[in-house]
Amino acid sequence: MRVLAIETSCDDTAAAVLDDSGVRASIVASQDMVHGKYGGIVPELASRQHMLAILPVIERALAEAAVTLDDIEAVTATYGPGLVGSLLVGLQVAKGIAFERGLPFIGVNHLEGHLLAILLDRPVPFPYLGLLVSGGHTSLYLVEDLGRYRQLGRTRDDAAGEAFDKGAKMLGLGFPGGREIDRRAAAGNRTAIRFPRASLKQGRYDFSFSGVKTSLRQYLLDGGDAALEDVCASFQEAIVEMLVVPTLKAARDLGTGVIVVSGGVSANSRLRTAMTEAGAAVGLEVAFPRVAYCTDNAAMIGYAGRVRLLRGERHDLTLNASATLPIGVAS
């Protein structure tokens with residue numbers, strides 16, 4: 001089954017083509033230049049930009065895959081969670097293509113796409129522990145099988161990526177903030193400043209990043225004079241440690257042998273190193289998707305959707321976007 005996949009859950013317009021041979025094409029149009037001057041994503045601008053980019057992105061994906069719409073056998077698109085205006089653009093285009101051509105259609109949960117993104121590159125045995133960490137989500141799941149996900153923990157406030165972006169804004173850096181902090185931190189001393197690490201007594205696998213964000217603000221208000229690179233490295237280290245500790249604890253408690261880290265923040269170089277080293281120290285394998293599949297992309301949506309389509313699952317074309325779609329609602 002050759003599938004056209006569309007992803008527009010936030011600020012990246014993406015399309016991909018997948019078939020038995022794997023990913024034939026994966027195209028992503030970034031909106032960083034649109035939102036950069038605001039220091040964060042403006043939902044109305046994001047949805048307008050999707051409307052401008054969606055058809056050219058689909059055309060580029062088809063051209064790269066050397067196919068036309070006549071060769072497409074099914075269509076899948078993200079229907080939640082995310083910015084509802086953004087979701088509606090990709091979802092309605094996907095449903096329109098499916099309707100006009102009489103093709104099978106299925107909507108995909110964006111979180112499921114991230115949790116399965118590793119399978120685009122390599123097989124991973126079930127069950128595995130999935131840490132999904134991005135600008136909008138920070139959660140731990142036990143991925144029991146395709147379509148079976150049990151949430152173990154979640155952030156109580158900010159997502160890790162949101163903390164990175166807001167921290168970068170305080171420091172006067174560019175957007176996306178996580179990328180800028182990671183770049184600056186490479187030349188810094190991560191032990192220069194001891195930012196506090198949140199430790200939750202209830203919800204032992206939960207996360208909290210509002211405190212470290214507040215501590216950075218207070219440090220700056222108090223006139224902290226460490227080099228920018230040292231501040232970035234120390235701030236990043238606090239966030240990374242607060243991701244690694246609960247994840248390793250959950251893996252030990254559940255007896256899972258593999259940890260898969262996915263989502264946009266999984267591209268962070270320090271998180272990759274720290275999680276890999278911490279896992280190796282206790283005999284756990286840690287896997288990350290390639291960087292292109294860490295951030296939002298349609299290939300991961302195509303993978304999850306294609307699996308469900310091959311199982312015979314379908315969605316009616318009345319399917320609507322859901323801004324707060326939980327992972328349990330994947331079909």
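**Figure 1. A five-stranded open sheet.** Two strands pair if DSSP finds at least two bridges between them. This is a predicted model. Five strands form an open sheet here, and their order is E3-E2-E1-E4-E5. The pairing is mixed. Strand E3 (22–29) and strand E5 (105–109) stand at the edges. Each has a single partner strand, so one side of each is left without a neighbour in the sheet. On average, neighbouring strands are turned by 20° against each other, direction ignored.

Figure 2. Strand E2 covers residues 13–19. Which way do E2 and E3 pair? They pair in the antiparallel sense, over seven bridges. Look for Thr-13: it stands opposite Ala-29 in E3. Helix H2 (residues 43–64) lies across strand E1 (3–7), E2 and E3. The helix runs at about 25° to E2.

**Figure 3. A second open sheet.** This sheet also has five strands, in the order E8-E7-E6-E9-E10. Its pairing is mixed. The edge strands are E8 (148–154) and E10 (285–287). Each of these pairs on one side only. Neighbouring strands of this sheet are turned by 25° against each other on average, direction ignored.

Figure 4. Strand E6 (residues 128–133) and strand E9 (residues 258–262) pair in the parallel sense. Four bridges link them. Leu-132 has Ser-262 in E9 as its bridge partner. Helix H8 packs on the sheet and touches E6, E7, E8 and E9. The direction of H8 makes about 160° with that of E6. Helix H9 (residues 269–281) packs on the sheet too, touching E6, E9 and E10. The direction of H9 makes about 160° with that of E10.

Figure 5. Strand E7 spans residues 138–145. How many bridges join E7 to E8? Six do, and the two strands run antiparallel. Ser-139 stands opposite Arg-154 in E8. The hairpin has two residues between the strands. Gly-147 takes a positive phi there, near 90°.

**Figure 6. Helix H6 against helix H8.** Two packed helices are described by the angle between their axes and the distance between the axes. H6 (residues 177–185) and H8 (residues 228–254) pack at an angle of about 115°. Their axes are 8 Å apart. Is the crossing left-handed or right-handed? The crossing of H6 and H8 is left-handed. From H6 come Ile-181, Asp-182, Arg-184 and Ala-185. They meet Leu-228, Glu-229, Cys-232, Ala-233, Phe-235 and Gln-236 in H8. By class, this contact has six nonpolar, one polar and three charged residues.

**Figure 7. The largest pocket.** Rolling a probe the size of a water molecule over the atoms shows where empty space is left. The largest pocket holds about 1,100 Å³ of space. Its lining has 39 residues. Which of them lie nearest its centre? They are Asp-11, Ile-41, Ser-134, Gly-135 and Asp-165. Helix H4 (110–116), helix H5 (160–170) and H6 each supply at least two residues of the lining. The largest share, six residues, comes from H5. The lining divides into 13 nonpolar, 16 polar and ten charged residues.

**Figure 8. The second largest pocket.** This pocket has a volume of about 220 Å³. It is lined by 13 residues. Nearest its centre lie Ala-198, Ser-199, Leu-200, Val-245 and Pro-246. The lining has six nonpolar, two polar and five charged residues.

**Figure 9. Backbone details in the loops.** A cis peptide bond joins Gly-80 and Pro-81, with omega about -10°. Pro-81 lies in the loop between strand E4 (74–80) and helix H3 (84–101). Another cis peptide bond joins Phe-126 and Pro-127, with omega about -5°. Pro-127 lies in the loop between H4 and E6. Now find Ala-66, in the loop between H2 and E4. What is the phi of Ala-66? Its phi is near 60°, a positive value in a residue other than glycine.

Technical notes: Residues numbered from 1 in each chain as written. Predicted model: local features only at pLDDT ≥ 70, side-chain atom pairs only at ≥ 80, totals over all residues. Heavy atoms only, no water. Axes fitted to C-alpha atoms, helices over the stretch in contact; angles between N-to-C directions. Left-handed = near helix turned anticlockwise from the far one by under 90°. Contact = heavy atoms within 4.5 Å. Nonpolar A, V, L, I, M, F, W, Y, C, P; charged D, E, K, R; others polar. 1 Å grid on protein atoms, 1.4 Å probe; cavity = no way out; pocket = protein on both sides within 12 Å on 5 of 7 lines; lining within 4 Å. Points joined across faces, edges and corners; volume = space filled by probe spheres on them.
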